[in-house]
Amino acid sequence: MSGNGLVHSIQRLINSEERLRTPSPFDHLRQQMNDVLGDGGILKEVVQPGEGPPVPQNASVLIHYSGFLEYSAEPFETTTNLKYPRMMKLGKDLTLAGLELGLLTMRKGEFSRFLLQPCYAYGDMGCPPFIPAAAVVLYEVHILDFLDSGQVDEFIALSPEEQNTVSLSKLLEVVNTVRSFGNRCFNQSHYDNAKRRYKQALMLLENRETEREAEKEGIRTALLPLFLNLSLTELRLDSPHKALKYGNKALEIDSANTKALFRCGQAYLELREYESAQGCLITAQARKPFDTDINNLLRKVAMSYKDTLDKEKDMCSRMFRGLRDK
């Protein structure tokens with residue numbers, strides 16, 4: 001071996017020994033992390049605390065996450081480039097045991113880091129070509145929201161008779177969760193999915209059998225926002241007749257509800273029933289005279305009505321002029 005070769009070999013050996021003595025990036029992280037299970041397999045650092053209760057078992061979670069290998073600045077997977085990350089159900093959509101167990105310790109709005117040993121991540125085999133064998137991985141997780149879908153699953157699995165024995169407060173919790181799923185779909189412009197969720201919540205309420213007036217009133221109160229949601233969703237789906245049906249159902253519960261009057265006004269405008277649209281909107285305006293949306297739509301209806309009358313007048317004039325010329 002030449003002198004230079006010997007020098008390089010010695011230098012590599014020295015560098016390797018120094019690297020072994022120098023704490024790695026993950027070693028630095030471990031010093032500021034807590035042991036989730038007590039076996040060292042899942043370590044956690046809370047970067048930004050959340051609020052409210054922790055994520056329940058079998059919940060559906062909306063999260064941004066990124067996974068990193070040691071000595072790598074770029075994630076091997078991430079959702080941070082997505083405007084709307086998909087809702088994932090625990091026990092079904094997440095494949096890493098460590099990530100799921102870590103999520104159960106988190107609260108809404110929380111941002112945390114998790115260091116996962118291979119047995120809680122990709123195992124001894126890894127996941128070639130991205131994850132090497134027996135790799136320790138780091139996940140950064142931001143929980144945006146979660147819904148207790150496990151509670152919904154349990155309720156829907158009951159027979160109709162069993163559902164009727166569940167307390168009204170529990171039923172309303174389930175309905176609110178299903179409606180929240182619908183709202184999230186609506187906000188992402190997935191209107192067909194939103195409609196399906198709203199109708200599911202509606203069915204759960206309408207299937208409730210009770211003779212107690214207090215329960216009937218509670219159900220009517222819960223039905224009102226669902227009818228309003230469905231009315232707006234049908235408008236987005238270009239179904240003004242159905243939108244009008246749900247708007248009128250809302251008015252049957254609360255005849256002075258301005259949102260319901262506004263939805264009916266929108267539906268009548270789409271159907272070109274301008275007088276009916278004006279009637280609904282004028283009633284809504286009387287309750288909220290300074291509401292910008294109501295006033296703008298009322299002006300739009302008036303202009304559309306005038307244009308239609310002018311066109312009809314012009315057409316009649318041309319018809320009579322043609323008769324006189326004969």
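**View 1. The largest cavity and its lining in the predicted model.** Phe155, Pro160, Gln163, Asn164, Leu171, Leu204, Asn207 and Arg208 line the largest cavity. About 50 Å³ of space sits inside, a volume being the space filled by probe spheres set on points joined across faces, edges and corners. Helix H5 (residues 160–165) gives the largest share of this lining, three residues; helices are DSSP runs (H or I, at least four residues) and strands likewise (E, at least two), numbered from the N terminus. This is a predicted model: local features need pLDDT of at least 70, side-chain atom pairs count only at pLDDT 80 or more, and totals for chains, interfaces and linings use all residues. Residues are numbered from 1 along each chain as its sequence is written, and side-chain values use heavy atoms, with hydrogens and water left out.

**View 2. The largest pocket.** Here the volume is about 510 Å³; a pocket is an open set of points with protein on both sides within 12 Å along at least five of seven lines. Of its 22 lining residues, Ser60, Met87, Phe181, Cys185 and Arg197 are the closest to the centre. Strand E6 (88–89) and helices H4 (149–156), H6 (168–187) and H7 (191–206) each give two or more residues to the lining.

**View 3. Where H8 meets H10.** Leu228, Ser231, Leu232 and Leu235 in H8 touch Lys259, Ala260, Arg263, Gln266, Ala267 and Glu270 in H10, with contact meaning heavy atoms within 4.5 Å.

Methods:
1 Å grid on protein atoms, 1.4 Å probe; cavity = no way out; pocket = protein on both sides within 12 Å on 5 of 7 lines; lining within 4 Å.
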